[in-house]
Amino acid sequence: MNTALKRTSLHGFHLDHGARMVPFAGWEMPVQYTSILEEHLAVRQQAGLFDVSHMGQLRVHGPQAREFLDQILSCDIDRLYIGRAAYGILCQDDGGCVDDIIVYQIEDEEFFLCVNAANREKDFLWISRLATGLDCRVDDVSDSFALLALQGPIAIELFEKVTDHSLDGLKRFHATPLACLDTRILVSRTGYTGEDGLELYFPASEGPRVANLIYESGKEAGLRLVGLGARDSLRLEAGFPLYGHELSEEIDLLTAGLGFAAKLETGKAFVGSQQLLKNLTEGLRQRVIHFILDDRRLPRPGYPVCDRDGTACGKVLSGAHSPVLGKPIGSALVDRTALDERQPLAVAIRNDRVPLRVQRPPLHKAQG
């Protein structure tokens, strides 16, 4: 069996800049260039440039594309218009999560979906099967695109400087096609860090050249190249879910605290909505929480979460060191009864029970 890792078009760029490469979701990707701490803080304080070209892109187009997507995605597609994006969930009939995605409306009958790298093939097959018999097509166009994320307080300023284009009119979760840097770029004001910034879709063959232009233009102002290590700690500080951790086939969007991404209140049905409404009516048995530890030890995925009696009432989903707080942070799936009773909770780390502080994200803005 061929287990060779796939590489993005920026692989050589990463090696030239000293990246440490690791396997991730079938790809060879940079985990860090200098240090996770330095890269993380650069995004919080100045800006960071990420290669996320391993993400998948699907094109859904045709006369019934809008109607179809409204039937299979949790978000309200009728609220989209050309240039508008939305965050949504692909659900199973039982409400479980197939994937979380961002959907863009490109033209009247054309939509563009960004999906998780590990789920690209699964999502394409899932969506294609559901589209059978409808007047729309689903194309996997992932290999055609490079995708860079430029994130941080000065990200917009840096992009405007290198391209000589103003983005004053580009709102959050909107996108616009631009002719700049000698190519065509779909510029989206979205991201996965909790900071303002952009995600840039453009031809894969242009990946190294465009990345180099942006990096060389911005590095004197504090722009840093950022790998997967800081990407994970940034998203966890911000409280964003990672598929396979805070969202999965077993953890639905309501349990994950993502009810805002579902059109349940509109009465419009989508795949999984009937079961989700039933779960809401009957009451959720578990809930995803975020927390801070006043300790040095990291909470690892799978570590038990215990109640005041030391009885397991949940498990850790994600854990990392927060460079901003200087403390471990994490997420956990916890029984609703323990939360409703406001019991003191702890993470079982080796033979100790380390008290956790439940905290609403963004964790890096927590007080005390």
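Start by selecting I89: setting aside neighbours within four places in sequence, I89 is in contact with I72, L73, S74, C97, D99, D100, L247, L253 and L258 (contact means heavy atoms within 4.5 Å). You're looking at a predicted model, where local features need pLDDT of at least 70, side-chain atom pairs count only at pLDDT 80 or more, and totals for chains, interfaces and linings use all residues. Residues are numbered from 1 along each chain as its sequence is written, and side-chain values use heavy atoms, with hydrogens and water left out.

Along with I89, they have the most contacts inside the largest nonpolar core, which has 38 residues. Such a core is a set of buried Ala, Val, Leu, Ile, Met, Phe, Trp, Tyr and Cys residues joined through side-chain atoms within 4.5 Å; buried means under 20% relative accessible area (1.4 Å probe, protein chains only).

Now colour β5 (85–91), β6 (97–107), β7 (110–115), β9 (145–151) and α7 (228–238), each of which supplies at least two residues of this core. Helices (H or I, at least four residues) and strands (E, at least two) are DSSP runs, numbered from the N terminus. The largest share, four residues, comes from β5.

Hop over to another core, apart from that one: it has 31 residues, including L10, A47, L49 and Y215.

Key:
Buried means under 20% relative accessible area, exposed over 50%, partly exposed in between (1.4 Å probe, protein chains only).
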